[in-house]
Amino acid sequence: MPIDIKEDNVRQGLLGLVVALTEIIVETLKHQAIRRMERGSLDEEETERLGRVLKELDLAIEGMKEDYGIRESVRSVRDGLDSALDDILGGFISEDMEPGDKSGLLS
Amino acid sequence: MEKPTASAPAELQGLRGTYLYCVAEGDVDPPFAAAGLEGKEVYAIEYMGLVAIACDCPPSRVEDAARVEKWMIAHQSVVDKAMERFGAVLPFGFGRIIAGDSGGNRVREWLESSHGILKRKLERVRGKAEYGVQVFWDQEIMTRRLMRDNQRIEGLRKEGEEKRGGTAFMHEIKLEKVIKEDLAARANECFRFLYRGVSELCEVKVERVYGSAEGGRMIANISCLLKDTQIKALGEILEKVNDEEGIYVRFTGPWPPYSFV
């Protein structure tokens, strides 16, 4: 879908936000799918179907990022969310963590 | 501080302020002289051996980024000079102004009421300077190394080659997850090595700002309070960290101890 280059940044930003959030939701779905697969609660057919759906979603998201030219916009939304999460989690340092422990936050 | 009255708007122009640079300990004979913000003459406010370095400066709202930058440079230069002269300083961050006419008195009162604490803090930083250590890593190089050296990942990858369609994709997702977890664990290990090594040597503060630069992502950002004599030992730790392929250390300083006051 061609983008009207004269369009303002607001549209880019909004698209970036929407796609970033979609990406995060899909990542959560992938995460849960893997857990089910590892637990053995998916049979071969279900694994195959789930895999195809997730692949389609992935390709659709990549396609949108490419077509709308919002790769940077999505990246910066993700980075911003990561920082916000960091700030929140920074307040919960457990005894076995050292300050700066970022396991799980590096994406 | 008196509020300016509506009937005399000209009084707003007369608003005075005292801009604060740092606190130090020592003798102001010969007097400490320096040029501060906007070239204003810097002076010392004393109380019982403690010295606050300040200058007159009306509180003002400045939106010009270039001007702010000039001011920050002036601020740093005064603090640096004070550190040279007095040996130990407790620097204020940029922009501390006490508004009103009686800034000098209020500072003196504060020096009196916080005398003990300020002296202790000065002792803590005496003879030391602040150094910044940041560690970056190249995500691509680290991923490549992991795929090359890690048996489990190599095994998973081979397994994936035999699969097709949706099942292959599921496997790919799993592989990505394992790689991501291993990378995060590696980054953590690196941070822990650095933090443990450095904190045995000196006081360390972990900074919360993480960014990326020079094509790498920051995996550690710490400030250290060090004596000259400890720099070599710190250097040895940093060299070990930097030696690893894909990991880069950036070492900055010395600074006055902004993070340790």
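**View 1. Secondary structure of chain A in a predicted model**. Chain A contains three helices and zero strands, where helices (H or I, at least four residues) and strands (E, at least two) are DSSP runs numbered from the N terminus. Along the sequence, the pattern of chain A is α-α-α. Of the 107 residues in chain A, 26% are buried (under 20% relative accessible area; exposed is over 50%, partly exposed in between; 1.4 Å probe, protein chains only). The model is predicted: local features need pLDDT of at least 70 and side-chain atom pairs count only at pLDDT 80 or more, while totals for chains, interfaces and linings use all residues. Residues are numbered from 1 along each chain as its sequence is written, chains are lettered from A and ligands numbered from 1 in the order in which they are written, and side-chain values use heavy atoms, leaving out hydrogens and water.

**View 2. Helix H1 of chain B, residues 65–86**. The 22 residues of H1(B) should span 32 Å at 1.5 Å a residue, and the end C-alpha atoms are 31 Å apart, which agrees; the expected span is 1.5 Å times one less than the number of residues. Buried residues of H1(B) include Trp71(B), His75(B), Val79(B) and Phe86(B). Among the elements covering the buried residues are strand S1 (17–25) and strand S10 (247–255) of chain B, with contact meaning heavy atoms within 4.5 Å. After H1(B) comes Gly87(B), with a positive phi near 85 degrees.

**View 3. Met48(B) in a loop**. Met48(B) sits between S2 and S3 of chain B. Met48(B) is exposed, with a relative accessible area of 59%. From Met48(B) to Ala82(B) is 34 residues in sequence and 18 Å in space, C-alpha to C-alpha.
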